[in-house]
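Let's take a friendly walk through this model, one side chain at a time. Have a look at the fold before reading on.

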Amino acid sequence: WEKAPRVYYVPQAHLQHHIDSSRLQLSNFKKLFLKTGNEEKKRVLSEQGTWGWLKKLAEFKFKFFASLVLYVKFALEGHPEKGRYVVISQWNTLMGFLKKEVFVR
């Protein structure tokens, strides 16, 4: 028998990530979600076929419309920029899912 590796939980631990400014640009944000949607389409088609694709499409459409509701909520609370990013992420994920191929640099 091999011993399972131990996992330690340290609630006081902190992790910092350095993210360069180019990755925080809206254009990069859009590309990320286009690619995410396109890769999810490939995964679902290969694992579940057309029926899985249709279910995932319905899920992404629901999430997009839910993001519009969140946008209104954030706007009413005085934070429309938060809602804007939620809508942009869901829209681009849906568009990436529907595109034949997404190529981003």
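Which side chain of opposite charge is nearest to K41, and how far away is it? The answer is E101, 6.1 Å away. This is a predicted model, where local features need pLDDT of at least 70, side-chain atom pairs count only at pLDDT 80 or more, and totals for chains, interfaces and linings use all residues. Residues are numbered from 1 along each chain as its sequence is written, and side-chain values use heavy atoms, leaving out hydrogens and water.

K41 is buried and has no salt bridge. Buried means under 20% relative accessible area, exposed over 50%, and partly exposed in between, with a 1.4 Å probe and protein chains only; a salt bridge needs a side-chain nitrogen of Lys or Arg within 4 Å of a carboxyl oxygen of Asp or Glu. A polar atom of the K41 side chain does lie 3.0 Å from the backbone oxygen of K100.

Now for the rings. The structure holds six aromatic pairs (ring centres of Phe, Tyr or the six-membered ring of Trp within 6.5 Å; planes under 30 degrees apart are stacked, over 60 edge-to-face, the rest tilted). F29 and F33 have ring centres 4.9 Å apart and planes at 70°, so they pair edge-to-face. For W53 and F97, the centres are 5.6 Å apart and the planes at 15°, so this pair is stacked. F97 is buried, with a relative accessible area of 0%, whereas W53 counts as partly exposed at 21% relative accessibility. Ring pairs also link F29, F33 and Y85 into a cluster.

Technical notes. Lys, Arg positive; Asp, Glu negative; His and termini not counted. Polar contact = N/O pair within 3.5 Å; in protein donor to acceptor, adjacent residues only side chain to side chain.
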